[in-house]
Amino acid sequence: MRGFKVGLTILCVAGLAACSNPGRFGPGAGGPGAGADGFGAPGGVAQGALDPSSPAYFQESVGDRVLFAVDQSTLSDAARQTLAQQAAWLARNPEYTAIIEGHADEQGTREYNLALGARRAASARDFLVAQGIASSRLRTVTYGKERPIEVCSTESCYTQNRRAVTVIAAGGLTS
Amino acid sequence: MIRTIALAALAALAILAGPAAAQDGPLRIEITEGVVEPVPIAIPTFVAEDGGAADLARQITEVIARDLTGTGLFRRIPEEAFVAQVTEFTPTVSYANWKAVNAQALVTGAVSTSGDGVTVKFRLFDVFSEAPLGEGLQLRGSADSWRRLAHKVADAVYSRITGESGYFDSRVVFVSEQGPKDQRQKRLAVMDYDGANVQYLTDGSSLVLAPRFSPSGDRVLYTSYESGFPQIYQMDVGSVSPQRLPVPAESMTFSPRYAPDGQTIVFSAATGGNTDIYRLRPGATQPEKLTDAPSIETAPSYSPDGNRIVFESDRSGTPQLYVMPANGGEAQRISFGQGRYGTPVWSPRGDLIAFTKQNQGRFHIGVMRTDGSEERLLTASFLDEGPTWAPNGRVLMFTRESAGAGGSSSLYSVDVSGRNLSLVDTPGAASDPAWSPLLP
């Protein structure tokens, strides 16, 4: 889990501060440290340059997640930019499919948050479809507040937990 | 799993209707008034009628006493204070001995064993009125059902004194939790209402959420991520065999609840990001849609007569409570207070709706009348949610989660007046309780 958190911190930086920095798509932009998401992405990413067509590159360099405001499922400008890059990657790598996970923070009841997570995942999925990704390559799942990545009970953690995460998978989607 | 218990009234017990003494009329606790001063009750250890019954008699007496004092309505008088010991189970008692220790009620009993069977007899006396309260009762069961026999005695005592049906001989299905917040393992489990006899129904390999008991107590509905996606399942508690329900595999389904008929099921399904409430009737091959709005509709709960459904929706912009006819159609908003309302649950008595409320960074369990009036908040904490009613509609159990990285969940109960908040004894962390009906 420690490695995961290090990897996550890098993603947050990429997501918040470096969204308009084209340099981050260059070789090695993923930076040091990596880890598995724990929800299906392959782990054990080595330091240094990543294969740009690998799910690890998607996770580290493209940015696999977008964040939402409290109770919202509308996409911020930053979220749209990240999703546009996700769509571009998916277009370049047609052999991959993706499951988009919707998550909520712990404020709110379990069952409402399941519905809210479904809304967030669909919001990200709809954007990818509008960018030309075939809906047959995408599936959504909600985890509500069941799978936080940050465990503190303050807004600094909640803001990371209100997210939609695009998890890349090889091959077809099954139910 | 559930054994039949032979219940038989002891025939022709002498009833000595003495004149009422100190207390005004017969002993009676009115629960609705909110009892501040618990009634002192004497429960001398039940008489063991054979050598093998001594341990059991002690254990049964303890369970009865814990049931009764656990309600907050009774205070047990310690046996050391007694001026006389009960060594024989007799139809009459010396009321003076019990007045001397200020007992208002007295429960006497006896336990005997034969082969695999246990027999428990008891009598209840109103000490101040110097009269038995009801007839003596005898209950018989197998040796391993002794706790149920004790709960049944406590239910009878509670019922005779309060005029309400009891709730001690009941079970609770819940989610047993293990591990830190970001790697939590959840298993479906069932236990007696007091935390005894825990049995696990799933192995923890898939996330499970929010179970509900069927009105007959033999099955549970729940949500599982077994397929990788949230889907509703039904499980027979006796055979522990899960069964998938005929809902489309491509939609995510959750929040399943039984109708009072025990066959019809309502639940939420998220399709294309929109969550609505659906109904699955017995024998149907596919569900029917009961709500049709772009907002979130979830957490349905039937009125006990089956005519209406209360649910949660954010159609107004924030989650609020609505009531609609059981066949769908126009819904009336019933929650108008400050904050966000969720997980409404209709009382088995039909008079109240319990809910979770979130306001100014705190969570509450509350109750309101079915038209939304007379809202009362019973609890407050960092995170209280998911109330479930005791079978008699007088007590609620719910999940309380503590804050922060080390936060964990526990079950609590509170009575409908807001008194007697108590931690429920579970093995480890627990959430999402759902109470069974009173067992037969």
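Predicted model: local features only at pLDDT ≥ 70, side-chain atom pairs only at ≥ 80, totals over all residues.

Let me begin in chain B. Four strands there form an open sheet, in the order β16-β17-β18-β19, and their pairing is antiparallel. Which strands sit at the edges? They are β16, residues 252–258, and β19, residues 288–289, both of chain B, and each of them pairs on one side only.

Now look at β17 and β18 of chain B, which cover residues 265–271 and 274–280. Seven bridges join the two strands, in the antiparallel sense. To pick out one position, B:Phe267 has B:Tyr278 in β18(B) as its bridge partner.

Next, please follow this sheet to the other chain. Helix α4 of chain A, residues 110–130, lies across β16, β17 and β18 of chain B. The helix runs at about 155° to β16(B).

How many residues does each chain bring to the contact? Chain B brings 36 residues and chain A brings 24. On the chain B side, several elements give two or more residues, among them β12 (208–213), β16, β17 and β20 (297–302). The most comes from β16(B), with three residues. By class, this side of chain B has 16 nonpolar, 15 polar and five charged residues.

Back to α4(A) for a moment. This helix has 21 residues and reaches 30 Å from its first C-alpha to its last, close to the 30 Å expected at 1.5 Å a residue. Why call α4(A) largely enclosed by the rest of the structure? Because 18 of its 21 residues are buried, where buried takes 20 or more other C-beta atoms within 10 Å of a residue's own. After the helix comes A:Gly132, with a positive phi near 105°.

The last item is a pair of helices in chain A. Their names are α2, residues 55–63, and α3, residues 77–92. The two axes come within 10 Å and cross at roughly 145°, and the crossing is right-handed.

Which residues meet there? From α2(A) we have A:Phe58, A:Val62 and A:Gly63, and they meet A:Thr82, A:Gln85, A:Gln86 and A:Trp89 of α3(A). That contact has three nonpolar and four polar residues, and no charged ones.

That is the end of my part.

Technical notes: Residues numbered from 1 in each chain as written. Chains lettered and ligands numbered in written order. Pairing = 2+ DSSP bridges. Contact = placed C-beta atoms within 7 Å. Axes fitted to C-alpha atoms, helices over the stretch in contact; angles between N-to-C directions. Nonpolar A, V, L, I, M, F, W, Y, C, P; charged D, E, K, R; others polar. Expected span 1.5 Å × (residues − 1). Buried ≥ 20, exposed ≤ 12 C-beta atoms within 10 Å, placed from the backbone. Left-handed = near helix turned anticlockwise from the far one by under 90°.
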